[in-house]
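The following briefing is intended for a reader who has the sequence and the coordinates at hand. It begins with the fold of one chain and then turns to the other chain and the contact between them.

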Amino acid sequence: MLKIEPRPQPSKQMAYLSPLIAVGLTLVTGVIFSLLVGLNPLSAFHAFFISPIDDLYGLGELGVKAAPLMLIAVGLAIGFRSNVWNIGAEGQLTFGAICGGGLALYFYEVESAWILPIMILGGAVGGMLWASIPAFLRTRFNTNEILVSLMLNYVAILLLSYLVHDPWRDPDGFNFPESRLFSDSALLPVVLEGTRLHLGIIIALIAVVLGWIFVRKSFVGYQMQVAGLADLAALYAGFKRKRMVWIGLLVGGGAAGIAGLCEVAGPIGQLLPSVSPGYGYAAIIVAFVGRLHPIGILLASLLMSLLYLGGESAQMDLGLPSAITGVFQGVLLFYLLGADLFINFRVKITKTVATRSVGEVAS
Amino acid sequence: MTETMVGILLATLGAGTPLVFAALGELVTEKSGVLNLGVEGMMIVGAVCGFAVAAESENLWLGVVMSVFAGAGMALLFGILTLTFQANQVAAGLALTIFGIGLSAYIGLDYTSVALTGIQQIHVPVLSDIPVIGPLIFSLDPLLYLSFVAFGAITYFLYKTKTGLLLRAVGESPESAVSLGYPVIAIRYMAVLFGGAMAGLGGAYLALVYTPLWVEAMTAGRGWIALALVVFSTWRPARVMVGAYLFGGVTIIQFHVQGFGVDIPSQLLSMLPYLATIVVLVLISRDINTIRLNAPASLGKAYHPSV
């Protein structure tokens, strides 16, 4: 008989193994799925994971999509570690894009090397402003930050839609709901010739390093981790819960805001009604699959980026809808959460009926 | 004038009903101590499955049944993760929503341009001819009547039956319930499945009565608003109803404001339900004791029998 019992101590190996198990199981699910819909699993695998990145341009695209995921997830992880649940990254990304992109439109006539830094700052401030709403309501009125940050996603997207439909619409754009194309000095430079890989990837990598320093070396990072693991212990040690809520949300919001700016000043080059294919939500998965650790997040963001690219290429090569990406993102997180059981619990094989646990006797 | 008012009230009822189903279901789930943030995902999978089956079989009621099973099936996934595998309920709920939105877009691809005649109202003979209350009470669609029945049944179940008391006890203190010999995990599974089935019904109402169409991401945050309604109601069914119709009203106002000659861009009006959600959440959680005294004590905490 199989019995699940708590481990005396959480297993470190399992903590690292469980994302790998989850990826493996997701692949197995993919094979079963392709058999069910009548595809050759090998060609499906090839279309999904090999053909999108078999040339330099494809590798560049991997980085283009990994950059926002990495940046947002590193920011979110800092909040998640201390149980601050910011799921409003999609809105913070959008508002960052609005603020930073708005600056690009405002300085449309100006040619200067200062425009980009100002836009990036604008993106960060925008994201932080948007995140400060749930932070303020949580700390001042005890309002659930999950629901508030989520509601604000819809509000930000509607605001962007309004702006590009009306006040910021391109005057020469044949009434399409789009802003002007940004001027050259408001566009992020490409860092790898022959690809679309832009400065955003450098910013994201810097964020990974900063995130690592924050988690490992800073006292605030330590306080926040303790607060996440044991609320009472943190309270006893005098760590201020409110400050952690603020830090968690502002860091996540700032990162998401910069990511949003990098999208509109990078691959998109203007403001559109939609500036993100759900990066803000996918980054939540990236943060978890990466074990809330910057290095893990780096790897997980590449994987998740590949899932996006694979979805696009499966649409072209196999005629599968790109919605399949969302399905497998969810499946991956399901398996991860399931596999995480074995960090704190282990399976024990017991000799049938004779041994009964206390719980079973009681019932 | 009365006709316009009756029209607005009817539209409010219609807009509120998906929220009634989803929020009442989540209320029961939360009363057992489980926080399922996947309402949006369960609702949208319920909507698409119901619509697809109704379109294929040309039987609307088969579609409704399918929605219920689809919602419960999604909830079962959540239950396995959180109750059997002890996963973090917040993370698992988010996963359920992300998965549900992706899955529904995939299932719904062939149905985006399909037109269906939705479930029609029942006109009670004679009574439906009475002015004002006739159209408002005696000629509604059957699912709306079902939502009233569900409200009554859930209130009765929670507060007047022994099983309902047990469910609430499990939500307050699973440790005491288990020491009295009650199967905590099994009871929580039931509550989670019920919540999923109700979210599925909410989805069915959207796709088969309210619109009736399938559009990608058509729930548009209603699952999340339902979650907020449960907090707003301080876990009381009657207040869930009030809250749901209040939100139905807010949704409907946006269609009428422009009709009254007020020139506000439609996107800004569409923000209203989301902003209203934030406002009511702030109002209700302002006093920390309101939440602390009313929320099920073990809400959101994993429970393992052998710990």
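In chain B of this predicted model, 78% of the contacts between residues at least 6 apart in sequence join residues at least 24 apart; two residues are in contact if their C-beta atoms, placed from the backbone, lie within 7 Å.

**Conventions**
- The model is predicted, with local features requiring pLDDT of at least 70 and side-chain atom pairs counted only at pLDDT 80 or more, whereas totals for chains, interfaces and linings use all residues.
- Residues are numbered from 1 along each chain as its sequence is written, while chains are lettered from A and ligands numbered from 1 in the order in which they are written.

**Chain B: overall form**
- Chain B contains 14 helices and zero strands; helices (H or I, at least four residues) and strands (E, at least two) are DSSP runs numbered from the N terminus.
- The C-alpha trace of chain B extends over about 60 × 45 × 45 Å along its principal axes.
- For 307 residues a compact globule would have a radius of gyration near 19 Å, and the 19 Å of chain B agrees with this; the radius is taken over C-alpha atoms, and the globule rule is 2.2 Å times the number of residues to the power 0.38.
- Of the 307 residues of chain B, 51% are buried, where buried denotes 20 or more other C-beta atoms within 10 Å of the residue's own, exposed 12 or fewer, and partly exposed the range in between, with C-beta atoms placed from the backbone.

**Chain B: local geometry**
- Helix α1 (residues 2-31) of chain B has 30 residues and should span 44 Å at 1.5 Å a residue; its end C-alpha atoms are 40 Å apart, which agrees. The expected span is 1.5 Å times one less than the number of residues.
- α1(B) bends by about 35° at Gly16(B), with the proline Pro18(B) following within four residues; the bend is the angle between axes fitted to the seven residues ending at a residue and the seven starting there.
- Just after α1(B), Gly33(B) adopts a positive phi of about 95°.
- Most residues other than glycine have a negative phi, and most peptide bonds are trans.
- Ala220(B), which is not a glycine, has a positive phi of about 45°. Ala220(B) lies in the loop between α9 and α10 (222-232) of chain B and is partly exposed, with 17 other C-beta atoms within 10 Å.
- Trp235(B) also has a positive phi, near 60°. Trp235(B) belongs to the loop between α10 and α11 (237-257) of chain B and is buried, with 20 other C-beta atoms within 10 Å.

**Chain A: overall form**
- Chain A has 15 helices and two strands. Its radius of gyration of 22 Å is close to the 21 Å that the globule rule gives for 363 residues, so chain A is as compact as a globular protein of that length.
- The C-alpha trace of chain A spans about 80 × 60 × 35 Å along its principal axes, and 52% of its 363 residues count as buried.

- A kink of about 30° occurs in α3(A) at Ala66(A), shortly before the proline Pro68(A).
- Because 22 of its 26 residues are buried, α3(A) is largely enclosed by the rest of the structure.
- Gly88(A), in the loop between α3 and α4 (89-106) of chain A, counts as buried with 33 C-beta neighbours inside 10 Å.
- Gly88(A) and Ser149(A) are 61 residues apart in sequence, yet their C-alpha atoms are 4.3 Å apart.

**Contact between the chains**
- The contact draws 45 residues from chain A and 46 residues from chain B.
- On the side of chain A that touches chain B, the elements supplying at least two residues each include α5 (115-141) and α6 (145-165).
- The residues of that side of chain A comprise 29 nonpolar, 13 polar and three charged; Ala, Val, Leu, Ile, Met, Phe, Trp, Tyr, Cys and Pro count as nonpolar, Asp, Glu, Lys and Arg as charged, and the others, Gly among them, as polar.

**Confidence**
- The predictor assigns the complex an ipTM of 0.88 and a pTM of 0.88.
- Mean pLDDT, the predictor's confidence in each residue from 0 to 100, is 89 for chain B, with 99% of its residues at 70 or more.
- Chain A averages a pLDDT of 87, and 91% of its residues score at least 70.
- Where pLDDT is low, the predicted coordinates should not be read in detail.
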